[in-house]
Amino acid sequence: MHLTEDDKKIIKQVLDIKDYDPDTFDPKILDELETDEEYRGILHKHGAEVLGSKRYQRLKTYIQHGDVTVFEHSVHVALCAIKLNRKLKVGCKERALIRGALLHDYFLYDWHDSDAPGNIHPKLHGFYHPGIALRNACRDFKLSPREKDIIEKHMWPLTIRPPRCREAWIVCLADKYASTLETLKLKKGKIKVNYA
């Protein structure tokens with residue numbers, strides 16, 4: 001994919017946090033995404049089956065970063081993926097993009113607890129949870145090849161094989177971006193919407 005100068009400006013605008021100052025940092029992107037009716041409509045249009053699943057609701061009981069649940073984090077990743085896809089005009093299939101983003105961390109255990117059932121490699125969670133999430137998602141949902149690729153490869157480069165579709169690349173980027181914003185915002189106590 002060739003990036004134009006406009007693409008580079010958009011990427012810099014959307015992703016640039018190099019001037020992070022913990023005393024003045026006020027990232028608005030998650031707040032904007034959480035309240036954007038268009039993006040939330042797209043999220044629910046393509047993700048309603050996943051979001052409404054009883055087993056998926058268990059993600060509200062597991063912490064991802066600080067006090068952000070895995071459920072909230074997965075919603076943030078899906079919303080960031082929608083924004084990146086649209087701003088960069090990548091042309092992702094939105095259904096696969098959103099479902100893969102929502103299921104990327106569907107590992108169903110507390111990864112902070114080394115004795116938690118299902119946490120088979122506690123010190124290597126970053127390497128192993130994509131495979132566990134994929135196995136759980138395949139058990140509970142009918143997945144397309146793109147959705148499987150998103151879930152399995154979202155931790156690249158920790159997963160040796162890189163993503164094979166544009167949706168997986170966008171979710172890989174969105175996951176890292178949302179995680180960074182969640183961590184920085186937690187330090188400032190600025191997560192506003194509680195999905196749990």
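Q: In which loop is the place of lysine 89?
A: The model is predicted: local features need pLDDT of at least 70, side-chain atom pairs count only at pLDDT 80 or more, and totals for chains, interfaces and linings use all residues. Residues are numbered from 1 along each chain as its sequence is written, and side-chain values use heavy atoms, leaving out hydrogens and water. Helices (H or I, at least four residues) and strands (E, at least two) are DSSP runs numbered from the N terminus. Lysine 89 sits in the loop between α4 and α5.

Q: Is lysine 89 buried or exposed?
A: Buried means under 20% relative accessible area, exposed over 50%, partly exposed in between (1.4 Å probe, protein chains only). Lysine 89 has a relative accessible area of 70%, so the residue is exposed.

Q: What is phi of lysine 89?
A: Most residues other than glycine have a negative phi. Lysine 89 is not glycine, yet its phi is positive, near 55°.

Q: How are α3 and α5 oriented to each other?
A: Helix α3 covers residues 37–51 and helix α5 residues 94–103; their axes (lines fitted to C-alpha atoms over the stretch in contact) lie 9 Å apart at about 50°. Angles run from 0 to 180 degrees between N-to-C directions: under 35 is roughly parallel, over 145 roughly antiparallel, 65 to 115 roughly perpendicular, the rest oblique. The pair is therefore oblique.

Q: How many residues of the contact of α3 with α5 are charged?
A: The contact (heavy atoms within 4.5 Å) involves Ile42, Leu43, His46, Gly47, Glu49, Val50 and Leu51 of α3, and Glu94, Arg95, Ile98, Arg99, Leu102 and Leu103 of α5. Asp, Glu, Lys and Arg count as charged; Ala, Val, Leu, Ile, Met, Phe, Trp, Tyr, Cys and Pro as nonpolar; the others, Gly among them, as polar. Seven are nonpolar, two polar, and the charged ones number four.

Q: How are α3 and α4 oriented?
A: Helix α4 spans residues 70–87, and its axis comes within 10 Å of that of α3, crossing at roughly 130°. That angle makes the two helices oblique.

Q: With which residue does glutamate 38 form a salt bridge?
A: A salt bridge is a side-chain nitrogen of Lys or Arg within 4 Å of a carboxyl oxygen of Asp or Glu. The closest N and O atoms of this pair are 2.7 Å apart, and the partner is arginine 86. The link spans 48 residues, joining glutamate 38 in helix α3 to a residue of helix α4, arginine 86.

Q: What relative accessibility does arginine 99 have?
A: Arginine 99 pairs with glutamate 49 in a salt bridge, the closest N and O atoms lying 2.8 Å apart. Arginine 99 belongs to α5 and glutamate 49 to α3, 50 residues apart. Glutamate 49 is partly exposed at 46%. Arginine 99 is buried, at 1%.

Q: How far is proline 163 from glutamate 152 in space, C-alpha to C-alpha?
A: Proline 163 lies in the loop between α7 (145–153) and α8 (166–188). Proline 163 is buried at 6% relative accessible area. Eleven residues separate it from glutamate 152 in sequence; in space the distance is 8.3 Å.
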